Each structure stands twice: as C-alpha cells, then as structure tokens.
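My entries follow in the order in which I made them.

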Amino acid sequence: MFELFLTNEYATLILLDMLRGVFGTYGWGLPSTWTSTWAIVYLEEFLLWWLFPAITMLWWRSWIKKHPELAEEI
Amino acid sequence: MDEAAFATGKLIEGIIIVIWIALILGIGLWSRKKVKASGDLLVGGRAIPVWMLGMWSAGASVSAWAFFGLPGGIYAAGAWQHWAICTPMIAGFPLTVIFLGRWMRVSAKKYNLMTMPDFLGEVYGGKLIRIFAAIGIVIACIFYATAQFKAIGVLIGTLLNIPYQPAAALGIAISAVYVLLGGFIAGAIINSLNVSMMIIASLLAVGLGYTWTGGYGKMLATISAATGGTTWLNNDAALGGFAWFFWISWALLLSSFGLVGQPAIVQKLYGVKKPSTLWMWGLLGGIIFGVTCPAYCYLGVVTKYLAVTDPTVAPAITGLGLGADGVIAWLTVYKLGVEAPILGGLLIAGVIGAAWSTIDGFIMMGGAAIVRDIINKCFRPNWTDKQLLKYLRIAMLVVGIIMAIETLFPSEIITWLAAIGWAQFAATLAPALLLATTWRGVTKWGGTAGVAVGTLVCAFLTLVYRIPLGTKTFITTFYLDAGAWGMILGFLTIIIVSLVTKKERGPLYYDIHKDVPKPQ
C-alpha cells in the first residue's frame with residue numbers, strides 16, 4: 001500500500017527520477033502506466049506537500065503562544 | 001464551430017469580466033479616503049487582517065505565471081514542469097515565516113520598515129545595500145511584470161477582439177488606478193476577492209478536466225501512446241539529461257527558499273495587524289497556492305490530451321498566433337465560450353485576478369524602490385511624509401506608464417519571463433535576508449557584496465548567456481539555473497566577505513542578535 005501511495009505522489013517521484021540522472025540512469029518520466037485518478041494524485045499532493053505548511057505553522061503558533069514576548073513590537 | 005453560440009458565449013464572458021472590473025475599480029475608489037500617509041499607501045497602516053494578506057500573497061505567488069504561463073509551458077514542453085516548479089513552492093510560505101517573517105514584522109514600527117531594501121539597510125547598515133537591492137528589484141520587475149500584463153493582454157484581447165497592446169494597457173491601467181487611489185488597503189480587499197475567484201476557478205478546472213478526460217491515468221496513457229507523447233512525459237528527454245540539476249536549482253533553491261526573496265509576496269508581512277498571527281499567513285499562503293496552482297497546471301495537461309485526441313485542437317491553438325500562450329486563451333474563450341461560457345468567464349476572471357494581484361504589488365514596489373529606497377533613504381532624508389506620499393504616487397504612476405510602454409515590445413512566452421523575474425528576485429534578496437536572521441557573523445560589507453553578486457550573476461547569466469539562446473532552445477534546455485547560481489554565489493559571498501571584513505552592522509542587527517554587544 002505504501003509503495004502505491006508513493007508512486008502516486010508525482011512531485012516526490014519526479015525528484016527521485018531526476019536524481020537518478022546523477023548516476024546516469026535517468027528517464028522513466030511520468031508513470032503513465034501506473035494509473036491513478038487525478039483526485040488521488042491531488043489528494044496525495046495535499047498530504048505530502050500541504051502538510052508541511054500545516055504542521056510547521058501549527059507548531060509556530062504553539063511556540064509563539066509559549067513565548068508571547070517574541071511577538072511584541074521591539 | 002457554431003458561430004452564433006460562440007458570439008453569445010463571448011458576450012456572456014465579456015459581461016462577467018466587465019462586472020468584475022467595475023467591482024475592482026469601485027473598491028479602489030472607496031478606499032482612497034483611507035490613505036492619509038505613506039504608511040497607509042505602502043503597508044496599510046500595519047492594520048490589515050492577516051487572512052487578507054495571506055490571500056493576497058498567495059495570489060501574488062500564483063500570478064499569471066501559474067494560471068496562464070505554466071499551462072502553456074506544460075502544453076508546449078512537458079508535464080514535469082508542474083511537479084518540479086509549482087508544487088515545491090508551497091513550502092516557501094512557512095519557510096518565510098520561520099526564518100524571516102517575525103523579525104520583519106516586530107521591527108517594522110521601530111524602524112519604519114516598508115520595503116525589503118529597508119530591512120536589509122537596517123540589518124546590514126549603509127546605503128549601498130539598499131541601492132543594489134533596488135536595482136535587482138527593478139530588473140526582476142521588468143521580466144515578471146511583462147509576464148503578467150502579457151497574460152492580461154492576451155486574454156482581454158482575445159475576448160474583446162482587440163489587439164494585444166491596448167488590451168494589456170487597459171489591464172495595467174485598471175491596476176494602476178486602484179493602487180494609486182487606495183494603495184495597500186485597496187490591494188488587500190481587492191485581492192481577497194481576486195483570490196476567492198481563483199479558488200473557485202481552480203476547483204472548477206479540476207472538475208472540468210475530469211469530465212473531459214475520464215481520469216488522470218487514462219489521460220496520461222493516451223498522451224503517452226500519441227506521437228511524441230513519451231518525450232513530452234519524460235522530463236529527462238525534455239531537459240537533455242539535466243533534469244536532476246533542474247530539480248535542485250528550482251525545487252530546492254528557487255521555488256522554496258527563493259520565495260523568501262519575493263518582495264511582491266513577502267513585503268505584505270509589514271501590513272499584518274498582530275505579529276502573533278503570522279502563522280495564519282504561512283498556512284493560508286501555502287494551502288491556497290497548493291489548491292490553485294496544480295489545478296491550472298492540470299489544465300495544461302488536459303489541453304495536451306485534447307490536442308492528441310482531436311486533430312483540430314492544435315491547429316486552433318497555433319492559429320491564434322500566440323504560441324504556447326494561446327493555450328488558456330483558446331481553452332477559455334474558444335472552447336468554453338461555446339460549451340460553458342459562465343465557467344469560461346469565471347476562469348478568465350481567475351487568471352486576470354491572479355495577474356492583478358502581482359501587478360499591483362509591482363507598481364507599489366517599483367515606485368517605492370525608486371522614491372523611498374534610493375532617493376528618500378539615500379539622498380533626501382528630510383522629506384516630510386506628505387512629500388513622500390506625493391512622490392510615491394508620482395513614481396507609481398511612472399512605473400505603471402513604463403509597464404504600459406513595455407507592452408509595445410514583443411515578449412516571449414509567459415512562463416519563462418516570469419521564471420526569470422522570480423529567479424532574479426531570489427538571487428538578489430534571499431541570501432541576505434535568510435542570513436540576516438540566522439547567522440550572527442554577517443557584516444555590512446558582506447551583505448552589500450552578497451546582494452551585488454546575487455544581482456549581477458543572475459542578471460549577467462540571464463541577459464548575456466540565457467536569453468540569446470532564444471525561446472526554443474531555452475525551453476528545451478530549461479535549466480533556469482541563472483537564479484540558482486546567483487543565490488549560491490550570493491550566500492558564499494556574504495559568508496566569505498563577512499569573515500574578512502570589519503564587524504560593522506546596522507542597528508536592527510543588534511536587536512536580532514542580542515548576544516552580540518553593540519559597539520559604543
């Protein structure tokens with residue numbers, strides 16, 4: 001299941017594909033044979049990329065609540 | 001084509017756009033009374049709700065590049081551009097908040113910060129860093145702004161059957177009017193509406209693509225089976241084996257960390273009402289960008305699918321005489337104009353809104369770079385605020401007129417014009433901004449040299465080496481590495497020069513790095 005998840009995550013997949021070029025073994029391109037729906041691809045983009053702003057910014061929110069003096073005008 | 005249906009469809013789309021323009025101008029007129037000082041014009045009196053600024057910054061980052069240029073670039077050169085350029089940019093928003101945002105906002109009142117060169121000048125000290133940064137901003141503005149008004153000109157021109165130049169000038173004039181009247185306050189309100197329209201248009205685009213193609217896998221398999229389809233899908237074939245370098249230079253440097261150096265996006269942080277709410281800006285910016293940009297990239301892939309399944313599509317796009325820029329114009333005006341004009345009108349409004357959200361920032365930024373960063377801060381420090389406000393408005397008008405004149409020159413395809421502008425901003429500003437808050441070893445001359453090197457390396461590689469290759473070669477060997485080299489050498493220069501020069505710094509440096517004793 002996890003590998004299916006990863007192969008639908010195109011941004012990560014293309015990074016791996018492109019990094020293969022460092023060793024001269026590049027070039028499978030977009031995996032047209034690994035069929036998926038746009039909705040799943042889009043959802044996985046959401047999970048792997050949009051989670052970054054969500055997690056980091058919620059962390060930042062709790063951090064600034066613990067240190068309110070850091071959010072005051074200097 | 002059913003001519004009667006096409007004429008009716010164009011009329012409906014035209015009415016939607018005219019209503020949209022009237023609404024935008026009305027808000028500009030309404031907010032003019034709220035602008036009483038230079039701070040109101042440039043940063044909205046630092047009292048704008050954070051959600052509005054998050055939406056505006058997201059719109060400025062998406063810009064006409066993602067809504068217009070990128071689908072065209074994807075159609076012409078390959079789907080890999082979506083995943084390698086667009087998606088990693090989502091990470092740029094939280095990175096900006098973490099590394100830079102808090103210091104920009106909490107020091108804004110004390111040092112009266114309104115522009116990015118302001119921040120650099122107060123951290124590193126000296127006039128030269130402001131001047132080099134302003135020069136880099138002006139160079140980047142020319143490329144980036146050209147991409148925006150080209151998109152507006154192509155769309156309004158195709159819709160109203162008027163030539164590209166007057167259509168683009170009309171688009172710029174509308175933006176200039178609301179910026180000159182209502183400045184930052186008008187921009188914040190108008191762009192909340194623009195971005196709402198962008199989100200609606202993006203969701204519609206995804207649904208539309210699904211109904212036309214019958215799913216993503218089927219679409220890719222069909223393209224792959226068509227002549228030349230495999231090359232189009234294979235990023236390495238498109239990039240001549242240098243795809244990995246492209247990913248590193250764009251995804252890892254320019255798209256993500258490079259966002260820190262985009263004044264049209266990041267300068268909005270000065271206007272946030274409460275510094276503790278900055279997290280909302282990072283969250284909204286990242287998520288709105290993540291919803292909207294991939295959806296329009298998807299339309300580029302969908303158009304490719306339509307072109308390989310229907311032999312009339314590619315000649316129809318080519319027939320517009322706009323090259324790859326004709327993709328969204330054909331899709332919205334010619335295809336949707338007949339099949340679903342209301343949807344077409346909303347998609348066009350989304351693209352124009354995205355372009356405006358960036359053009360207004362450039363008009364403000366270009367005017368501020370000349371009048372505030374160079375003349376006021378370096379040569380005329382005794383101006384009253386009233387004088388500054390007057391000259392800012394004049395400079396913004398001049399910048400708007402220069403942009404309108406730029407439409408007279410033929411420009412190349414939108415995706416790489418905008419990409420060059422983005423890369424120039426990143427190379428000029430990102431290294432000095434990131435190191436200002438994270439490394440206490442920076443010095444006045446390190447920062448100044450770093451900004452100068454970043455600006456010059458990127459401008460030199462772009463103007464002397466990359467552009468003469470021409471669009472065709474440029475796209476097929478689309479490294480766009482000029483900005484990445486500028487950024488890397490900018491970082492190295494700041495570090496090396498800072499290590500060997502006298503420890504002179506600006507006053508804000510000692511607020512950020514409290515453990516470093518202030519010289520007496």
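**Entry 1, ground rules.** I note that this is a predicted model, in which local features need pLDDT of at least 70 and side-chain atom pairs count only at pLDDT 80 or more, while totals for chains, interfaces and linings use all residues. Residues are numbered from 1 along each chain as its sequence is written, and chains are lettered from A and ligands numbered from 1 in the order in which they are written.

I read off ipTM 0.87 and pTM 0.88 for the model. Per residue I used pLDDT, the predictor's confidence from 0 to 100. The average for chain B is 85, and 92% of its residues score at least 70. Helices here are DSSP runs of H or I with at least four residues, strands are runs of E with at least two, and both are numbered from the N terminus. In chain B the lowest confidence falls in helix 22 (residues 470-476), with a mean of 47, and the highest in helix 24 (residues 507-512), at 96. Over residues 474-479 of chain B, pLDDT stays under 50.

**Entry 3, chain A.** I found three helices and zero strands in chain A. Chain A has 74 residues, of which 30% count as buried.

I located B:V308 in helix 15 (residues 278-309) of chain B. B:V308 counts as buried because it has 20 C-beta neighbours inside 10 Å. I took contact to mean C-beta atoms, placed from the backbone, within 7 Å. Beyond four places in sequence, B:V308 is in contact with B:T222, B:I223, B:A226 and B:G229. B:T222 is 86 residues away from B:V308 along the chain, yet their C-alpha atoms are separated by 7.8 Å.

I placed B:A452 in helix 21 (residues 444-466) of chain B. B:A452 has 20 other C-beta atoms within 10 Å and is therefore buried.

For axes I used lines fitted to C-alpha atoms over the stretch in contact, with angles from 0 to 180 degrees between N-to-C directions. Helix 17 (residues 326-339) and helix 18 (residues 341-379) of chain B pack at about 160 degrees, with axes 8 Å apart. Helix 17 and helix 18 of chain B are therefore roughly antiparallel; angles over 145 degrees count as such, under 35 as roughly parallel, 65 to 115 as roughly perpendicular and the rest as oblique. On the helix 17 side of chain B the contact includes B:I328 and B:L336, and on the helix 18 side B:L347 and B:V351.

Helix 9 (residues 164-213) and helix 19 (residues 385-406) of chain B pack at about 170 degrees, their axes 9 Å apart. Helix 9 of chain B is therefore roughly antiparallel to helix 19 of chain B. Among the residues making the contact are B:I172 and B:V179 of helix 9 and B:R393 and B:M396 of helix 19.

I noted B:R46, a residue other than glycine, with a positive phi near 50 degrees. B:R46 sits in the loop between helix 2 (38-43) and helix 3 (50-77) of chain B. B:S63, also not a glycine, has a positive phi of about 50 degrees and is found in helix 3 of chain B.

Conventions:
Two residues are in contact if their C-beta atoms, placed from the backbone, lie within 7 Å. A residue is buried if 20 or more other C-beta atoms lie within 10 Å of its own, exposed if 12 or fewer, and partly exposed in between; C-beta atoms are placed from the backbone.
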